[in-house]
Amino acid sequence: MADSLYERLGGHSTVFEAMHRLYEKMQNDPAISHYFDSMDIVSLTRKQVSFMTQVFGGQPPEETRSLNEIHENLNISNHEFNVLVGLLRETLTEIGVEVAIQHEVLAIIEDGRDDIVQIHNE
Ligand code: HEM
């Protein structure tokens with residue numbers, strides 16, 4: 001069987017590095033930083049590493065809340081989602097993930113858009 005996206009990305013160290021950098025950027029971005037003002041970023045980053053490990057095929061999925069349930073009261077807009085996608089792309093480039101693999105990662109994140117975005121007219 002072909003290696004999972006998780007393995008092709010470089011496994012735990014790459015996902016860990018990417019999520020730490022991404023949260024740093026999200027906390028500093030004027031369009032979306034307000035979502036994270038009162039959040040425990042260490043705990044959120046840990047959960048995100050675990051979630052990304054699962055969606056990239058690194059380990060069997062755990063029973064957890066759906067993306068829709070997690071984000072349902074946050075009123076996230078399409079524009080804000082696009083900001084996150086841009087920051088993720090920037091992060092993956094910074095840590096040297098090749099473009100073809102970046103596209104696979106971004107396609108998986110894109111699959112979550114409908115569950116996460118509530119404000120569509122921005
Ligand atoms: C602009 C886009 C996004 C914003 C503003 C955002 C915001 C947030 C916030 C504020 C939380 C904490 C919720 C809480 O603990 O009550 C959270 C949790 C989480 N988000 Fe997002 N999110 C975004 C996009 C995404 C994307 C694209 C994914 C994955 C595809 C994702 C996956 C998760 C996961 C796995 C958690 C952790 C839930 C847990 O286990 O506690 N988010 N997000």
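This is a predicted model: local features need pLDDT of at least 70, side-chain atom pairs count only at pLDDT 80 or more; totals for chains, interfaces and linings use all residues.
Local features need pLDDT of at least 70, side-chain atom pairs count only at pLDDT 80 or more, and totals for chains, interfaces and linings use all residues. Residues are numbered from 1 along each chain as its sequence is written.

Two packed helices are described by the angle between their axes and the distance between the axes. Helices here are DSSP runs (H or I, at least four residues), numbered from the N terminus. Axes are lines fitted to C-alpha atoms over the stretch in contact, with angles from 0 to 180 degrees between N-to-C directions.

| Helix pair | Axes come within | Crossing angle |
|---|---|---|
| α2 (residues 11-28) and α3 (residues 41-55) | 9 Å | roughly 135° |
| α5 and α6 (residues 99-110) | 11 Å | roughly 155° |

The angle makes α2 oblique to α3, whereas α5 is roughly antiparallel to α6. Angles under 35 degrees count as roughly parallel, over 145 as roughly antiparallel, 65 to 115 as roughly perpendicular and the rest as oblique.

Residues are in contact if their C-beta atoms, placed from the backbone, lie within 7 Å. In α5, Val-85, Leu-88, Arg-89 and Leu-92 meet Gln-102, Val-105, Leu-106 and Ile-109 of α6. Among the residues of α2 that meet α3 are Val-15, Phe-16 and Met-19.

Asn-75 lies in the loop between α4 (67-71) and α5 (78-94). Its phi is near 55°, a positive value in a residue other than glycine. Most residues other than glycine have a negative phi. Asn-75 is exposed (12 or fewer other C-beta atoms within 10 Å of its own), because 11 lie within 10 Å.

Notes
Helices (H or I, at least four residues) and strands (E, at least two) are DSSP runs, numbered from the N terminus. A residue is buried if 20 or more other C-beta atoms lie within 10 Å of its own, exposed if 12 or fewer, and partly exposed in between; C-beta atoms are placed from the backbone. Two residues are in contact if their C-beta atoms, placed from the backbone, lie within 7 Å.
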